[in-house]
Amino acid sequence: MPSFKGSLAASLGLLLAVFAQAEPGRDAMIASAISAGPPSVTDNARIQVMGGKVLREGSNGWTCYPGSEGSGPMCNRAQWDAVIAAWAERKPVQVKEFSISYMLAGEGDAAGVSNIDPFATEPTADNDWVKEGPHLMILVPDPSLLEGLSTNPEDPVYVMWKGTPYQHIMVKIEPEE
């Protein structure tokens, strides 16, 4: 016959599992996050709210985030997470390795960003405001690899935030709808 403590622990575990599955918006956040990348990335990726709660553990080194007011959903490797964290804190960062961020669902409800100023909060006449559809973002460890690439967001491949610590290559997959 099972002990009272064992039965209580099992019951609490089951109750916590039910509440975790029934958490409002959790399934929608996971669905948003996995819309960012291909199944080869998302199937075993960690799903996490940006800067916060883990919604699902992962095992492949990728972290996918649901879309938010400031960004569409994305799937990143650790190097991209370091760049985003540095950008959020307005700190310099050194890109140490080639890294891809998938944003295959586009920027979602986000209003867009300046192609020139990583800290701009709204469009102006001179900050080259863009809002992209599905795209990839690529970090390279050697900034000289960006020389000769366009900075024009009308092009299918261009450099965003050139000359800043957060510069990266944008690769459009489809146009913004």
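Q: Which is C75, buried or exposed?
A: This is a predicted model, in which local features need pLDDT of at least 70 and side-chain atom pairs count only at pLDDT 80 or more, while totals for chains, interfaces and linings use all residues. Residues are numbered from 1 along each chain as its sequence is written, and side-chain values use heavy atoms, with hydrogens and water left out. A residue is buried under 20% relative accessible area, exposed over 50% and partly exposed in between (1.4 Å probe, protein chains only). The relative accessible area of C75 is 0%, so C75 is buried.

Q: To which residue does a disulfide join C64?
A: A disulfide is a pair of cysteine sulfur atoms within 2.5 Å, and the structure holds one. C64 is itself buried, with a relative accessible area of 0%. At an S to S distance of 2.1 Å, the partner of C64 is C75.

Q: What is the handedness of the disulfide between C64 and C75?
A: The pair links distant parts of the chain, eleven residues apart, with C64 in strand β3 (residues 63-65) and C75 in strand β4 (residues 74-76). The torsion about the S-S bond is about 110°, so the disulfide is right-handed.

Q: How many helices and strands does the protein chain have?
A: Elements are DSSP runs numbered from the N terminus: helices are H or I with at least four residues, strands are E with at least two. From the N terminus on, the order is α-α-α-β-β-β-β-α-β-β-β-β-β-β. The chain therefore has, by these runs, four helices and ten strands.

Q: What is the strand order of the open sheet of eight strands?
A: Two strands count as paired if DSSP finds at least two bridges between them. The edge strands, each pairing on one side only, are β2 (54-56) and β9. The pairing is mixed, and the order is β2-β1-β3-β4-β5-β8-β10-β9.

Q: What angle does the direction of helix α2 make with that of β2?
A: Axes are lines fitted to C-alpha atoms, for helices over the stretch in contact, and angles run from 0 to 180 degrees between N-to-C directions. Helix α2 (residues 26-34) packs on the sheet and touches β1, β2, β3 and β4, where contact means heavy atoms within 4.5 Å. Its direction makes with that of β2 an angle of about 80°.

Q: How many of the five residues of β8 are buried?
A: In a regular strand the side chains alternate between the two faces of the sheet. In β8, H135, M137 and L139 are on one side, L136 and I138 are on the other, and both faces are covered. The strand is largely enclosed by the rest of the structure, because the number of its residues that are buried is five of the five.

Q: Which residue of β8 is the bridge partner of S101?
A: Strand β5 (residues 99-103) and β8 run antiparallel and are joined by five bridges. In β8, the partner of S101 is M137.

Q: Which residue of β10 is the bridge partner of L136?
A: β8 pairs with strand β10 (residues 168-172) in the antiparallel sense over four bridges. β9 and β10 also pair antiparallel over four bridges, and there V157 stands opposite V171. The β10 partner of L136 is likewise V171.

Q: What share of the 177 residues in the protein chain is buried?
A: Beyond its neighbours within four places in sequence, M137 is in contact with residues including M74, W80 and I169. Over the whole protein chain, the buried share is 35%.
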